[in-house]
Structure formats: C-alpha cells, structure tokens
Amino acid sequence: MTDELHKAALKYHSYPIPGKISVTPTKPTTTQNDLSLCYTPGVAIPVKEIERDPRTAYQYTSIGNLVAVITNGTAVLGLGNVGALASKPVMEGKGVLFKRFADIDVFDIEVDCEDPHAFIDTVTYIAPTFGGINLEDIKAPECFLIEKALQARLNIPVFHDDQHGTAIVAAAGLLNALELQNKNLSQVKIVCAGAGAAGIATMQLLLKLGANREQLYMVDRSGVIHSERDDLNSYKQEFAIKTPKRTLTEALTGADVFIGVSGPGIMTQEMLRAMAPRPIVFALSNPVPEIMPELAHAVRDDFIMATGRSDFPNQVNNALCFPYIFRGALDVRAKCINEEMQLAAVHAIKDLAREETPQEVIDVYHLEADLKFGPTYILPKLIDPRLKEKVAGAVARAAISSGVAQVDNVDVRHTS
C-alpha cells in the first residue's frame with residue numbers, strides 16, 4: 001500500500017470521531033414523558049407483552065432490523081489471523097455496508113475465542129438480541145462447523161458471507177460469462193484454486209446450478225485434490241476426483257473456467273495460454289489477483305475476466321449480495337437462509353446485469369460503453385439502486401415459497 005493510502009485510511013478511521021458506526025435513538029427523548037416511556041415505568045409494558053408472546057419482539061424492539069456481524073478474527077481479508085480486536089475495523093465496515101445498501105442496523109461483535117465449540121456457545125447465548133447472524137472472517141475448516149452448528153441451534157438466519165456471499169456473486173457472474181462465451185455450465189471444465197471457505201462454497205453452489213462434478217478440479221497448496229490423497233479433511237474430500245493431474249498447470253490445460261480464491265500471482269501467462277478457447281478467468285484474490293489483467297491481456301484476447309477489485313471491470317464483490325440476502329430474509333422473518341434463497345439471489349444478480357443500466361449509475365462511472373451486458377459488464381455495479389428491490393425481493397419470495405418465512409408478505413418499505 002502507498003504511503004498516501006496509509007495516511008488517508010488512518011485519518012478516515014480517526015476523524016471526526018474514531019470508528020465508522022454509532023448507535024442513535026429512534027424515539028424522542030426530550031421530555032419527562034418521553035423518558036418515562038423509553039425506560040421505567042413504560043418499558044415494563046412491552047416487556048410483559050414479549051414475555052406473553054415472544055413474536056411481539058418484532059413489533060416492540062429493533063430485533064427485526066438488527067444483524068450481528070460476528071468474528072473471531074482468524075481469517076481477516078488477506079491479512080490472516082490478526083485476532084479479534086484487530087478485526088474490528090473490518091466488522092465496523094461491514095456494518096456500514098449493511099446500513100448503506102439495505103438500511104439494516106448492525107452490532108459488530110468480536111469474540112476472542114478460537115475454540116469453535118466455545119464460539120458456537122457464545123453466539124447461541126447472545127442470539128436473542130438479533131434478527132440474523134452474519135459470520136465473518138473465520139478460518140476454514142472451523143467456519144463450516146460453526147455455521148452448520150449455529151444453523152441447527154438457532155431459529156434465525158445464520159450466514160457465513162465469506163462462503164456464500166462469494167459463491168453467489170461469482171456464480172451470477174459466471175453464468176453470464178458462460179452465455180457470452182457460448183458455453184454451458186454442465187459441460188465446461190472448471191478449475192478452482194483455493195480450497196478454503198470461499199472455494200468450497202463456490203464449487204458447492206456451482207454443482208447445485210448444474211456443473212459436472214467430474215469436470216471440476218479443486219487445487220490447494222498441495223496440488224490437485226484427487227482421490228489418492230490421504231491428507232484431506234471431510235470438506236475437501238467431497239471434491240476429490242480420480243485423475244492423473246497433480247498440478248495447477250496440468251489442471252488448467254484445456255480448462256474452460258478458472259476461479260481463483262487463493263493468493264496473488266499463482267496463475268502464469270503460460271497457464272492462461274494452455275486453457276481452452278474462449279476461457280473465463282475469475283482471479284479473485286484481493287488486493288493482488290492470481291493474475292493481473294494486464295498480464296492476461298498480453299497473451300490472449302478471447303477471455304472474459306473478473307477480479308475482486310473495483311478498479312478493473314467485473315468486480316466480484318460480496319456487497320452485491322449479503323445486504324440484500326439479509327434484507328429479504330428479515331422482511332419475511334425467515335428462519336434461515338436456505339438453498340432456494342441463495343439460488344434466487346444468484347439469478348436476480350445475473351439478470352440485473354442484462355438490464356439497461358440506469359443513467360445515475362452511468363453518470364457515476366463515466367463508462368457508458370462498458371455498462372452494457374457484455375465481456376466487461378457481467379455483474380451490476382455496487383451502487384446500482386435496483387439491487388435492493390431485485391435481490392432482496394427475490395430472496396423474500398423464495399423464503400415464502402420454500403416455507404421458511406414467518407410472514408407471508410414483503411415489507412414494501414424495503415423491497416419494492
């Protein structure tokens with residue numbers, strides 16, 4: 001990072017007050033009567049109502065619009081295990097995105113605990129505070145255990161964004177790229193570099209969308225995940241296939257799709273040259289992708305590329321997804337975020353990129369030619385105001401139709 005960015009980031013987080021989020025009252029507190037309603041004696045009345053019928057908590061408290069962003073700081077961005085306290089700026093940032101894009105309030109909670117079972121207990125104990133739980137920046141494979149256990153124990157949405165947010169946005173972009181390249185998901189050979197939370201979740205979602213398991217190669221630090229390896233955890237074992245291929249280079253030879261969720265610079269120009277005609281390259285390592293776009297374009301011109309960065313076309317950004325997944329789920333009081341809701345988000349994001357881009361978005365980016373469905377525009381832009389309506393609405397309807405909603409109408413203030 002440049003010295004200029006270093007100084008600007010520290011100043012941004014320090015002034016005019018430290019941090020990025022705050023709590024503000026939503027009711028008047030100026031008179032004695034206001035205060036008597038806010039706290040004692042008036043507060044006792046909704047307390048008794050909620051004791052009588054817990055469902056009324058959604059009427060008398062903020063629970064229906066409050067999400068916990070919870071981490072233990074073991075896998076923060078590209079920084080690794082920085083610990084709970086150091087992760088707080090990221091969790092506050094996540095709260096800002098929830099509020100900015102979906103008008104959802106957030107408490108960020110940093111739990112100083114690497115024991116997954118103790119972490120699960122901690123989140124379970126505090127869950128009555130919230131309408132949903134967003135797990136964030138927890139290392140694999142513990143993140144899989146934690147999410148599954150909390151989903152089983154809680155009756156509110158639990159969503160690990162590093163897994164499913166990445167998967168949903170990448171899948172939406174990939175479906176559009178495949179159409180532009182005249183290829184079919186069920187027939188293409190896919191190579192995924194990175195077998196952590198994002199990689200495994202993305203491959204699982206692509207299988208649900210119709211990818212061919214026998215044409216899916218996952219690669220970790222030890223090479224191709226194949227059936228003869230004896231060092232695989234149960235999550236990687238799911239993707240072990242019988243193949244003589246052992247290296248990323250071998251796996252990419254003749255491949256149609258590369259999805260990188262691993263580390264900077266691991267894909268060479270020679271690897272790109274060896275891919276099939278009209279390939280798709282999703283180099284999502286951030287801030288430095290698996291191959292820089294300028295290096296890729298120097299050796300081929302028939303590919304479609306996406307990265308995790310905003311300064312290149314086709315940014316795969318989780319913020320296209322997670323605020324609206326929770327918005328839709330909260331609006332119908334969904335008991336979980338299920339497969340149907342995730343697939344609804346995939347198709348809503350995919351379809352939005354094919355619609356005409358609003359002038360207000362074009363004006364911000366000054367790239368009218370690049371904001372039409374095509375090789376450099378396979379995903380909507382982050383500031384597209386239609387995301388809230390389209391994605392949250394699709395998620396809410398999927399929750400209702402799949403039977404996990406507790407309210408059978410969508411709150412028009414949020415999703416229409």
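**Pockets, a cavity and the overall fold**

Seven elements each supply at least two residues of the lining of the second largest pocket: α2 (32-38), α3 (44-52), α4 (57-60), α5 (88-102), β2 (105-110), α14 (322-331) and α18 (412-415). Helices (H or I, at least four residues) and strands (E, at least two) are DSSP runs, numbered from the N terminus. The model is predicted: local features need pLDDT of at least 70, side-chain atom pairs count only at pLDDT 80 or more, and totals for chains, interfaces and linings use all residues. Residues are numbered from 1 along each chain as its sequence is written, and side-chain values use heavy atoms, without hydrogens and water.

The second largest pocket has a volume of about 1,500 Å³. Its lining comprises 41 residues, and T26, K27, T61, S62 and D105 are the closest to its centre. On a 1 Å grid over the protein atoms alone, a pocket is an open set of points with protein on both sides within 12 Å along at least five of seven lines; a cavity is a set where a 1.4 Å probe fits but cannot get out; lining residues have an atom within 4 Å of a point. Grid points are joined across faces, edges and corners, and a volume is the space filled by probe spheres set on the points. The pocket lining divides into 20 nonpolar, eleven polar and ten charged residues. Here Ala, Val, Leu, Ile, Met, Phe, Trp, Tyr, Cys and Pro count as nonpolar, Asp, Glu, Lys and Arg as charged, and the others, Gly among them, as polar.

One cavity of 30 Å³ or more was counted. The largest cavity has a volume of about 40 Å³. N72, T74, E114, I138, K139, E142 and I146 line the largest cavity. Two of these lining residues are nonpolar, two polar and three charged.

L97 lies in helix α5, one of the elements that line the second largest pocket. L97 is partly exposed, at 29% relative accessible area (between 20% and 50%; buried is under 20%; 1.4 Å probe, protein chains only). Beyond four places in sequence, L97 touches A102, A319, F322 and P323 (contact: heavy atoms within 4.5 Å). L97 and A319 are 222 residues apart along the chain, yet their C-alpha atoms are separated by 7.2 Å.

The chain has 18 helices and ten strands. Buried residues make up 52% of its 416 residues. Among contacts between residues at least 6 apart in sequence, 67% join residues at least 24 apart. The C-alpha atoms fill a box of roughly 75 × 50 × 50 Å along the principal axes.
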